[in-house]
Amino acid sequence: MHLFLQQVFSGLASGAIYASLALALVMIYRATDLVNFAQGEMAMFSTYIAWMLVNAAVPFWAAFALTLVISFIGGMIIERVVIRPVENAPVLAAVVVTIGLLLIFNALAGWLFTYTLQEFPSPFPDRPLFGALLTSRDLGVIAVTLVMLALLFVFFRFTTIGLAMRAAAQNPASARLCGIRVGRMLTIGWGLAAAIGATAGIMVAPILFLDPNMMGGVLLYAFTGALLGGITSPVGAVIGGLIVGVTENLVGTYLIASQLKLTVALILIVIVLVFRPNGLFGTAIVRRV
Amino acid sequence: MAPILQLHAVKAFYGAFEALHGIDVEVEDGGMTVLLGANGAGKTTTLRAVCGMVRSEGDIVFAGEALQRRSTEQIAAMGVAHVPEGRGTFVGLTVEENLRLGAYSRAGKPHDAMTRMYGYFPILADRRRQQAGALSGGEQQMLAIARALMMAPRLLVLDEPSFGLAPRVVEAIFAIIDRIRREQRVSVLLVEQNASLALELADQAYLIETGYVVASGSAKALSDDPQIRRSYLGY
Amino acid sequence: MNDGASAIASEKFVADGDARVRIGTWRRFAVVGLIVLAAALPFGLSNYQVFELTQVMIYAIAVLGLNILTGYNGQISLGHGGFFAAGAYTAAVLMHRYGVPYWATLPPAALVGFALGLLFGLPALRFEGPYLALVTLAMAVATPQTLKYFSWTGGNQGLNLAKPAAPPGLGIDRDRWLYLFVFVILLLAIRIAANLLNGRTGRAWMAIRDHPIAAAAMGIDTARYKTLAFGTSTLFTAVAGALSAIVVGFVAPESFSLFLSVSFLVGSAVGGIATIAGGIIGGFFIEFVPNFANDISDAAPWAIYGLAMLLFMYAMPRGVVGSFGPLVAWLRARSGRAAAVSEVSALSTNAKPRQTSQGRLE
């Protein structure tokens, strides 16, 4: 039982990271109807920026904040320059472009920072808590995610710009008639998603170590979480991400060797999707024609 | 009184297809103009041309400023509030959020304006926390009009506000439109299938057929025209 | 005068018919010439170059498979590397464990590819765009892990295969024999793909891609055709995988990473997703570009793939063949009047206005 609870809690910690990235995916999907396959690599690149700052003796939380700002701006630039031209192109073109971005960021990181694993500092001490049920590091990761979610909730719920972003995602034509500049909302959305992804990257890097391929598996789990929750639902994405994190840990502990974890995840995805094609909280996908 | 909106020789295009072949339409400041015509005649296209939602040629002047080459967002911010076909409410947002969005392009707190709208449409006040998608058709139409009025517009553009609604609801909505237009001094450009009701309220009317204006004049003159009575009023 | 005009016109019409026959013959000559040239090519090249070109053809078959699914049926797959691996391992295990001759492994590999594709195609029916992309992406990532796990696949080490020898009496060496062997399979694959795509099945696939609702309303069994497209596509790719195992003489999990799946996608985008000949361009791209790029740095192949994807989507969304194909046809139509007329006269209704304009000139 103790082992079980331990695995659940550490699963929640990694689930929180998947949930963040899943949320970033869902935000962009809702706004532009496309899946950003580069989300994970963008997060990885942001994490390298944080790593450089920390190495330059910037205090951790200052480096964290600065990285979020840089990622936000970077995300906006990417939307403007790379995504805008294919916004109305067929789905396949958009998929190919975001995969292209994925490759470019991966290669850029490999070229700039090499493929060797780097240690990334954790802002939280690694002490066991509550009779070793969870570590203070896990708790820290969960807390950061919760704070971020709360901030996002307040932003989208209570600020005018957050409301305008929701309106632009839901009904762009009507949003324009209200005087909302939909293009600008999309740009901000990409910026926000990049910043959320950066948070996920910085939280996961102390666990996985930093290298250009670090986010490959994370993206897949986040994607699974997003689909599990229903790719149109932000709340679903968070819950889906947590479920994936816990399941991954339990499967790894009790069922099979960890090399097959991804394969099991794949099978789980297919099973879930066959029975609930729109995920747990999502609405039916309308095909873009 | 100078017209607040003037269309001169306006053509509109969907891709290469020309839907309007050079039409002239005016809305007096504080007046109400109605566009009549069969389905597919180009009425909605005219409204879309005004709001920059289709490619157009010719002159469109609103309050002394040319609207060409301006984006829909800019035109909205200038004081043109468009309630599109099918209402265009944000069904996933609450009634109150919809109204807040209406005030997006205006500075300051939307609180006073919102109170005024709840005065016109008390049912919306009761449902302010509900999702717009849960409202009935008539309530959604009211919400759409209220949202447009939140912009404190000088021109209200309405595309078939009676569409799909019961006659009693239609009458209620038109009564409120008439009242608001006098109290808020807002001009109205209206597209409407219910010609008899529209001609009662409007002061100017245009009849559009296959992309041309085929008749125009005061609403009274048009409602007395025997041809129009036969084709559009049914008596 | 009128009679004279129509006589001239009909004479011209006959001449057009001749021209058409001639063009048809020329095209056939050109194709035959090209085939002969391609078959003779290995005899003027080094062993390594022959091996590289063989790889190009193998990739061409794999990309052709992907094009059938993505280009002609509109379903996205990011996991064709997995099906390529399935074909490769089928061939490898049959040869290594059961001593099956290399050429006899192709039908089972095709069968495995087809069956796996159907299996994937069934749930894929319920997945639209992003869902299918995820499932196939997950498959691409999971493939190497799964291959490592089992012992009959040789685990991490993979399987070493004896390279097949050329049939005795032909007087050619093994590399050139394999080149010709793969070349014949490629020709067959192109022929089968062209027949499928120009026929009923292909029309149904494209109808589903362009107007899914209308296609269903017209009575096309969407589910059956989409599953069939998946199976056909993976059959091609699995056969390519089997050929790769035979030619390379070695299979190992790490050769079937996500990079391979992405390579197929890049090859498809570069050559033109909705083309048959695009596969060959894609094959050249996949074989040579990463090799050149590797000389620059480890990261360069990925970067070049990424840039190529962006570049082609912006500047040439129909790929090399998709963009230049129509251009070539247009140039050909301009270059000779006879050719132009012959193309027009293929439609008898278009031939008539030509006669009257001829008459007015008289």
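**Conventions.** I noted that this is a predicted model, in which local features need pLDDT of at least 70 and side-chain atom pairs count only at pLDDT 80 or more, while totals for chains, interfaces and linings use all residues. Residues are numbered from 1 along each chain as its sequence is written, chains are lettered from A and ligands numbered from 1 in the order in which they are written, and side-chain values use heavy atoms, with hydrogens and water left out.

**Chain C overall.** I read that 49% of the 362 residues of chain C count as buried, buried meaning under 20% relative accessible area, exposed over 50% and partly exposed in between, with a 1.4 Å probe and protein chains only.

**α2(C) on α11(C).** I then turned to helix α2 (residues 47-73) and helix α11 (residues 278-296) of chain C, which pack at about 125° with their axes 7 Å apart; axes here are lines fitted to C-alpha atoms, for helices over the stretch in contact, and angles run from 0 to 180 degrees between N-to-C directions. The pair is therefore oblique, given that angles under 35 degrees count as roughly parallel, over 145 as roughly antiparallel, 65 to 115 as roughly perpendicular and the rest as oblique. The crossing of α2(C) and α11(C) is right-handed, that is, the near helix is turned clockwise from the far one by less than a right angle. Among the residues making the contact are C:Leu53, C:Val56 and C:Tyr59 of α2(C), and C:Ile280, C:Phe284 and C:Phe288 of α11(C). By class I find nine nonpolar, five polar and two charged residues, with Ala, Val, Leu, Ile, Met, Phe, Trp, Tyr, Cys and Pro taken as nonpolar, Asp, Glu, Lys and Arg as charged, and the others, Gly among them, as polar.

**α11(C) on α12(C).** I followed α11(C) to helix α12 (residues 300-315) of chain C, and their axes come within 7 Å and cross at roughly 130°, which makes α11(C) oblique to α12(C). This crossing of α11(C) and α12(C) is right-handed. Residues including C:Phe285, C:Val289 and C:Pro290 in α11(C) meet residues including C:Pro301, C:Ile304 and C:Tyr305 in α12(C), and the contact divides into 11 nonpolar, one polar and no charged.

**C:Thr201.** Is C:Thr201 buried or exposed? I find C:Thr201 buried, at a relative accessible area of 17%, and placed in helix α7 (residues 200-210) of chain C. Not counting residues up to four places away in sequence, C:Thr201 touches C:Leu196, C:Tyr225 and C:Leu228; the C-alpha atoms of C:Thr201 and C:Leu228, 27 residues apart along the chain, are separated by 9.1 Å.

**Positive phi in chain B.** I found phi of B:Arg69 near 65°, a positive value in a residue other than glycine; B:Arg69 sits in the loop between β5 (65-66) and α2 (72-78) of chain B and counts as exposed at 87% relative accessibility. Phi of B:Ala152 is near 50°, likewise positive in a residue other than glycine; B:Ala152 lies in the loop between α6 (137-149) and β7 (155-159) of chain B and counts as partly exposed at 47% relative accessibility.

Notes: Helices (H or I, at least four residues) and strands (E, at least two) are DSSP runs, numbered from the N terminus. Contact means heavy atoms within 4.5 Å.
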